[in-house]
Amino acid sequence: MSILALAKAAGYNQSTFYRHIEKEDLPYHIIKRYGRAMEYDLRTVFPEMDDSDVIVRDKPQAPYGLKKQSQEVQDEVNFWKEKYYTLLELHNKLLREKLESAGL
C-alpha cells in the first residue's frame, strides 16, 4: 500500500500523513484510523492503546486490486527493460561496425 493510498484510506491527504509521522505524541484515535486503513492491529506496536474499534488481523492485507495493479506495473517495467536491452544491443552492434570500418 502506498503512502498516498494509506493516507486516503485513513481519511487524510499525503501532506497530513507526513505531518502525522513527525509527531511524537500523535493521538491514538489518529493512529487507529491508519490501523483500520491497513486492516492491521496497531496495538502490537502501541500496547497501551485501548482496544475499542480496532480491527484485528495477523498481517496487513493488500487492498482490493493491488495485486493486479502491481502485475500491470511489473509488466510495464519488463516491457521497458526489454526495449532498453534491444536498443542497447543495436547500439553496441552499430558501434562495433563503426569501429571495424575505421580499422580499430
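Helices here are DSSP runs of H or I at least four residues long, strands are E runs of at least two, and both are numbered from the N terminus. You're looking at a predicted model, where local features need pLDDT of at least 70, side-chain atom pairs count only at pLDDT 80 or more, and totals for chains, interfaces and linings use all residues. Residues are numbered from 1 along each chain as its sequence is written, and side-chain values use heavy atoms, leaving out hydrogens and water.

Of its 104 residues, 18% count as buried (under 20% relative accessible area; exposed is over 50%, partly exposed in between, with a 1.4 Å probe and protein chains only).

Now select helix α2, residues 14–22, and pick out its buried residues, T16, F17 and H20. Look down the axis of α2: these buried residues fall within an arc of 105°, so they line one face of the helix (the arc is taken from the directions from the helix axis to the C-beta atoms). Next, show α1 (3–10) and α3 (28–38), which are among what covers those residues.

Jump to helix α1 and click I3. With 32% relative accessibility, I3 counts as partly exposed.

Last stop: E39, in the loop between α3 and α4 (66–101). What is its phi? About 55°, a positive value although E39 is not a glycine. Most residues other than glycine have a negative phi. E39 counts as partly exposed, at 29% relative accessibility.

Conventions
Contact = heavy atoms within 4.5 Å.
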